[in-house]
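What follows is a short walk through one structure, taking a sheet, a helix and a loop residue in turn.

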Amino acid sequence: MTLDNTSAAASALLLLLVFAAHASAAPGKLPSSYKTCKQNDPDFNGCLRAALQYAVPSLKKGIPSLGVPSIDPMPFASIKIEHENKQRPVAADLEFDNLLVYEMSRGSVESVEMVPGSFRLKAHLRADDPIYMIGTYKVDGKVLVLPIKGKGACNITTVGLQADLEMWGEPLERDGDVYWNITNFTVKMDLPKVYLHLDNLFNGDKVLGENMNKFLNENVDLVVEELKPAIEMALAATDMDVARRLFSKVPYNSIFPPA
């Protein structure tokens, strides 16, 4: 399986990281309405969670002064999945492009875990309301015993999405300051409800297309099981790239002031 991850913005996780990288920076670098947290705060994790959650609704419009784009809608990474094992239940070459994700601003930050002064952060995110991913697709292969082929518009809707992200690394000293050099990033998702719709399957054959969409949704758990690892890898790769660029620009003690 190979992945082609080409977008600079991937998910709400990415935008929350963008905020995290600036949320505790010098006050002059953030709009005055944003909250900051200090390392000596007795409830540092609670403060950071509240600061992140406070930022989510306002991120709907983005933060132009920081170069943070809107998260509603939000560009999502292009994903290319190639199955070399044609014996798997879902053995299809699949591409998603031109994706926009809607309603990410309704997500919530359930928890944040970080020891002040450390170089590891964990967060749990949740979105109870539907999230819509609209874009284009191309597919060729089979699902269980049925062939599937087509290209056109797609709609992937998730309800009750939950995600755990974790990033860690090491201190890096440069010009007298210490920076957070991020070396690892993981994303794990739980997708309890997913609905799929692919337009123009089988060269626009309406009957075959409707039957295939029905079949996909009847077997959506199997489809999600096959596709989720690829999506998680794409998200992690994009998020780590952006997080590394952000944290390489701002000293650690500027991101998380000691006092």
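Two strands count as paired if DSSP finds at least two bridges between them. The model described here is predicted. In it, strand E5 (residues 120-127) and strand E8 (residues 161-174) run antiparallel and are joined by eight bridges.

E5 and E8 belong to an open sheet of four strands, ordered E4-E5-E8-E9, with antiparallel pairing. At its edges are strand E4 (108-113) and strand E9 (177-190), each of which pairs on one side only. On average, and with direction ignored, neighbouring strands of the sheet are turned by 20° against each other.

Next is helix H3, which covers residues 206-218. Its 13 residues reach 18 Å from the first C-alpha to the last, close to the 18 Å expected at 1.5 Å a residue. Gly209, Met212, Asn213, Phe215 and Leu216 are the buried residues of H3. Seen down the helix axis, these buried residues fall within an arc of 160°, so they line one face of H3. The face turned away from the buried side carries exposed residues, namely Lys206, Val207, Lys214 and Glu218. At the N-terminal end, Asp205 caps H3, with a side-chain oxygen 3.2 Å from the backbone nitrogen of Val207.

The last stop is Ser248, in the loop between helix H4 (220-247) and helix H5 (252-255). Leaving aside residues up to four places away in sequence, Ser248 touches Arg174 and Tyr179. The C-alpha atom of Ser248 is separated by 8.8 Å from that of Leu172, 76 residues apart along the chain.

Terms used
Residues are numbered from 1 along each chain as its sequence is written. This is a predicted model: local features need pLDDT of at least 70, side-chain atom pairs count only at pLDDT 80 or more; totals for chains, interfaces and linings use all residues. Side-chain values use heavy atoms; hydrogens and water are left out. Helices (H or I, at least four residues) and strands (E, at least two) are DSSP runs, numbered from the N terminus. Contact means heavy atoms within 4.5 Å. The expected span of a helix is 1.5 Å times one less than its number of residues. Buried means under 20% relative accessible area, exposed over 50%, partly exposed in between (1.4 Å probe, protein chains only). The arc is that of the directions from the helix axis to the C-beta atoms. A polar contact is a pair of N or O atoms within 3.5 Å; within protein, one must be able to donate a hydrogen and the other to accept it, and residues adjacent in sequence count only if both atoms are side-chain atoms. Axes are lines fitted to C-alpha atoms, for helices over the stretch in contact, and angles run from 0 to 180 degrees between N-to-C directions.
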